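Trainee: I would like to learn how to read a structure. Can we go through some of its features in turn?

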Amino acid sequence: MCFVLLATVFAGCPKDDAPTAQPPKPFAEQLPIDEAAIDDFLETHFVTVDGDFNTTFTKIEAGGTEMPISEMPNLETISVSRNNLIYKIKYLVLNEGVGESPIKVDSAFVSYKGTLFDGTVFDTADNPVWFDLQGVIAGWGEVVPKFKTGTSIENANGTVTYENYGAGVMFLPSAFAYYNSSIGAIPQYSPLVF
């Protein structure tokens, strides 16, 4: 991702007219809000997965018989200590993979789609991209190591085919994403889906 910082200086503005930055919410205040939003999403939505592990989340209509994500047997939870709190990060295992699992200090070759809970897609990489797990949002360093690498085959035409790779979906509290920063289409304090 590329971020551009722009600064504008207004000469002669009195201090009273200068915007004041709001201090971030205490993590202990935001945690239950994020947990409730994630739990609500998991209880009110179902997921469809295609052969390439692309996912579509759909709200369950009144009287619907689809299995909510919260009841899926492949929904996992890890407890992570951060900011003097215990966070429960939930993730779906779509395919575990067959190779070794990376660790938090590794790089990983990933394809991804990042969405808000309302379905807004804010970032995507259909073709795999290398990411240093220490250089991305904290949630990736917690969840990506739960999966294993796959295999790759270089085709005669120079393209590469990937098989048997780990695939899943992570539901991240805002403290493991961008917290109080508003980045592009991502509002402050947004739990995210990758």
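Trainee: With which side chain does the side chain of Gln 30 make a polar contact at 3.0 Å?

Mentor: This is a predicted model, so keep that in mind throughout. The partner of Gln 30 at that distance is the side chain of Lys 25. Another polar contact, of 2.7 Å, links the side chain of Gln 30 to that of Asp 34. Gln 30 itself belongs to helix α1, residues 27-44.

Trainee: Is Gln 30 buried or exposed?

Mentor: Buried means under 20% relative accessible area. Gln 30 is buried because its relative accessibility is 2%. Apart from residues up to four places away in sequence, Gln 30 touches Lys 25, Ser 174, Tyr 179 and Tyr 189.

Trainee: Which residues touch the most other members of the largest nonpolar core?

Mentor: They are Trp 140, Met 170, Leu 172, Leu 192 and Phe 194, in a core of 31 residues. At least two residues each come from β3 (75-82), β4 (85-95), β5, β6, α2 and β9. The most come from β4, which gives four.

Trainee: What does Leu 172 touch, not counting residues up to four places away in sequence?

Mentor: Its contacts include Trp 140, Leu 192 and Phe 194, as well as Ile 38, Ile 89 and Ile 137.

Trainee: How do I read a pocket?

Mentor: Rolling a probe the size of a water molecule over the atoms shows where empty space is left. Here the largest pocket holds about 1300 Å³ of space. Its lining counts 43 residues, and Phe 109, Val 110, Ser 111, Tyr 165 and Gly 166 lie nearest the centre. Elements giving two or more residues to this lining include β5 (107-115), β7 (151-154) and β8.

Trainee: Which element gives the largest share of that lining, and what classes of residue are in it?

Mentor: The largest share is from β5, with eight residues. The lining has 23 nonpolar, 14 polar and six charged residues.

Trainee: Where is Thr 161, and how far is its C-alpha atom from that of Thr 151?

Mentor: Thr 161 sits in strand β8, residues 160-163. The two C-alpha atoms are 8.4 Å apart, though 10 residues separate Thr 161 and Thr 151 along the chain. With a relative accessible area of 30%, Thr 161 is partly exposed. Its side chain forms a polar contact of 2.8 Å with the side chain of Asn 155. Beyond its neighbours within four places in sequence, Thr 161 is in contact with Thr 151, Ser 152, Ile 153 and Asn 155.

Terms used:
Residues numbered from 1 in each chain as written. Predicted model: local features only at pLDDT ≥ 70, side-chain atom pairs only at ≥ 80, totals over all residues. Heavy atoms only, no water. Buried < 20%, exposed > 50% of the residue type's maximum accessible area, 1.4 Å probe, protein only. Contact = heavy atoms within 4.5 Å. Polar contact = N/O pair within 3.5 Å; in protein donor to acceptor, adjacent residues only side chain to side chain. 1 Å grid on protein atoms, 1.4 Å probe; cavity = no way out; pocket = protein on both sides within 12 Å on 5 of 7 lines; lining within 4 Å. Points joined across faces, edges and corners; volume = space filled by probe spheres on them. Nonpolar A, V, L, I, M, F, W, Y, C, P; charged D, E, K, R; others polar. Core = buried A, V, L, I, M, F, W, Y, C linked by side-chain atoms within 4.5 Å.
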